[in-house]
Amino acid sequence: MLDRDGYRPNVGIILLNQADQVFWGKRVREHSWQFPQGGIKQGESPEQAMYRELMEEVGLEPQHVRIVGRTRDWLKYDVPANWVRREWRGTYKGQKQIWFLLRLVGRDSDVCLRRSSHPEFDAWRWNGYWAPLDAVIEFKRGVYEAALSELSRFLETAPIRAQG
């Protein structure tokens with residue numbers, strides 16, 4: 001499902017623990033780390049998609065988290081042409097995402113990366129709020145920075161970003 005500009009509607013999830021560290025998942029059989037994210041299916045609201053993706057990728061149910069905030073508008077990124085499937089070239093540009101900031105109210109042991117028959121992640125860890133910007137794939141970096149910046153307003157103490 002693409003919008004008229006060639007962007008696939010998607011949700012991104014920034015999951016916080018009680019120390020305001022963020023959940024970071026390692027993609028299966030790759031050495032790349034990212035936040036949970038996924039497409040919005042036809043007829044699904046962004047919030048419904050977020051809860052579905054949270055269960056599929058992290059194994060958490062709605063009672064394990066509390067929604068702290070979400071981005072006001074869509075954040076977009078373009079996917080480099082060499083990453084786009086051949087049959088989508090010319091129509092698919094990238095993704096537009098609504099980002100959710102969630103607080104884990106359950107326990108670390110509630111995380112289960114194997115709830116889905118097709119796991120996205122094979123490892124996970126907690127990181128400092130801004131740490132993912134240095135490690136995320138370059139074409140997603142701007143969206144990650146925009147999401148983290150916009151959603152930081154919901155935290156009691158604004159996380160300090162080290163200048164690198």
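Predicted model: local features only at pLDDT ≥ 70, side-chain atom pairs only at ≥ 80, totals over all residues.
Residues are numbered from 1 along each chain as its sequence is written, and side-chain values use heavy atoms, with hydrogens and water left out.

In all, 33 residues line the largest pocket, and R27, Q37, Q95, E120 and K140 lie nearest its centre. Two or more lining residues come from each of β1 (7-16), β3 (33-34), β4 (37-39) and α1 (46-58), with α1 giving the largest share, four residues. The volume of this pocket is about 880 Å³. A pocket, on a 1 Å grid over the protein atoms alone, is an open set of points where a 1.4 Å probe fits, with protein on both sides within 12 Å along at least five of seven lines, and lining residues have an atom within 4 Å of a point. Grid points are joined across faces, edges and corners, and the volume is the space filled by probe spheres set on them.

As for the chain, three helices and eight strands make up its secondary structure, in the order β-β-β-β-α-β-β-β-β-α-α from the N terminus. These are DSSP runs, with helices as H or I of at least four residues and strands as E of at least two. The radius of gyration is 15 Å, which agrees with the value near 15 Å for a compact globule of 164 residues (taken over C-alpha atoms; the rule is 2.2 Å times the number of residues to the power 0.38). Some 47% of the 164 residues count as buried, meaning under 20% relative accessible area, against over 50% for exposed and partly exposed in between (1.4 Å probe, protein chains only).

A few single residues deserve a look. Most residues other than glycine have a negative phi. D20, in the loop between β1 and β2 (22-27), has a positive phi near 60 degrees, and it counts as partly exposed because its relative accessibility is 22%. R29, in the loop between β2 and β3, has a phi near 55 degrees, also positive, and is exposed at 76%. I160 sits in the segment after α3 (141-151) and is exposed too, at 79% relative accessibility.
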